[in-house]
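User: I am new to this structure. Please show me how to read it, one feature at a time.

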Amino acid sequence: MWGAISVGKVCYTACANALRIALLIPLTACGIAQEPPTARSVPIHQTWQIQPGSAIAGHRVLAGLGDISIDLAGQRVYAPFDGQMQPTAGNCVVFSSPEVPAYLLRLCGLRRPSLGSVQEGQALGRGEVLHFATLRKQTDGRWALVEPSSALLTRLLRSP
């Protein structure tokens with residue numbers, strides 16, 4: 001049986017929600033020109049019973065096999081390339097880029113991550129601990145967890 005990351009709806013920004021619900025003013029009034037990105041489902045090639053987003057005895061699992069956990073100490077992470085940030089299961093987002101179309105980067109643990117189109121070097125969010133996974137697209141369309149390169153992690157962690 002194949003695993004999958006379930007999808008959840010994430011609010012784009014508090015400003016956009018306030019405008020949509022209370023004022024019904026176009027998003028451009030707040031300086032936001034794009035719609036919130038849709039949540040992404042990422043079918044994973046490998047299957048483990050416990051995955052990020054699972055709950056054990058009332059505690060949410062933040063990372064699993066294939067994730068690297070990095071102590072950010074409240075610091076930011078940055079887009080390694082131009083790309084897209086989309087919400088996915090749990091407290092996670094996925095980053096995709098046409099520069100590396102065979103890969104997705106899963107980032108869990110960021111507070112208020114930037115969603116939608118991002119530019120190389122743009123701050124993606126900050127957090128205390130980043131749980132990071134690199135996924136490589138398989139020929140059947142599913143994604144496999146693979147070891148990330150230290151050069152990629154360096155681009156993600158260093159301010160441009």
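User: Which residues does Leu130 touch, not counting residues up to four places away in sequence?

Analyst: First, the ground rules. This is a predicted model: local features need pLDDT of at least 70, side-chain atom pairs count only at pLDDT 80 or more, and totals for chains, interfaces and linings use all residues. Residues are numbered from 1 along each chain as its sequence is written, and side-chain values use heavy atoms, with hydrogens and water left out. Contact means heavy atoms within 4.5 Å. By that rule, Leu130 touches Ile68, Ser69, Ile70, Leu72, Val77, Leu107, Cys108, Leu110 and Leu156.

User: How many residues are in the largest nonpolar core?

Analyst: A nonpolar core is a set of buried Ala, Val, Leu, Ile, Met, Phe, Trp, Tyr and Cys residues joined through side-chain atoms within 4.5 Å. Buried means under 20% relative accessible area, exposed over 50%, partly exposed in between (1.4 Å probe, protein chains only). The largest core here has 19 residues. Val77, Phe95, Leu107, Leu124, Leu130, Phe132 and Leu156 touch the most other members. Elements giving two or more residues are S8, S9, strand S12 (129-137) and helix H2 (150-157). Helices (H or I, at least four residues) and strands (E, at least two) are DSSP runs, numbered from the N terminus. H2 gives the largest share, three residues. Another core, of eight residues, lies apart; Val94, Leu135, Trp143 and Leu145 are among them.

User: Which residues of H2 are buried?

Analyst: An α-helix has 3.6 residues a turn, so residues three or four places apart point the same way. In H2, the buried residues are Leu152, Leu153 and Leu156. They lie on the same side of H2 because they cover an arc of only 100° around the axis. That arc is taken from the directions from the helix axis to the C-beta atoms. Ser150 and Ala151, on the other side, are exposed. The cover over the buried residues includes strand S5 (68-71), strand S6 (76-78), S9, strand S11 (123-126) and S12.

User: Which residues does the disulfide join?

Analyst: A disulfide is a covalent bond between the sulfur atoms of two cysteines. Here the test is a pair of cysteine sulfur atoms within 2.5 Å. The count is one. Cys92 is joined to Cys108, S to S 2.0 Å. The pair links distant parts of the chain, 16 residues apart: Cys92 in strand S8 (92-96), Cys108 in strand S9 (103-108). The link is right-handed, with 105° about the S-S bond.

User: Are these cysteines buried or exposed?

Analyst: Cys92 is buried, at 8% relative accessible area. Cys108 is buried too, at 2%.
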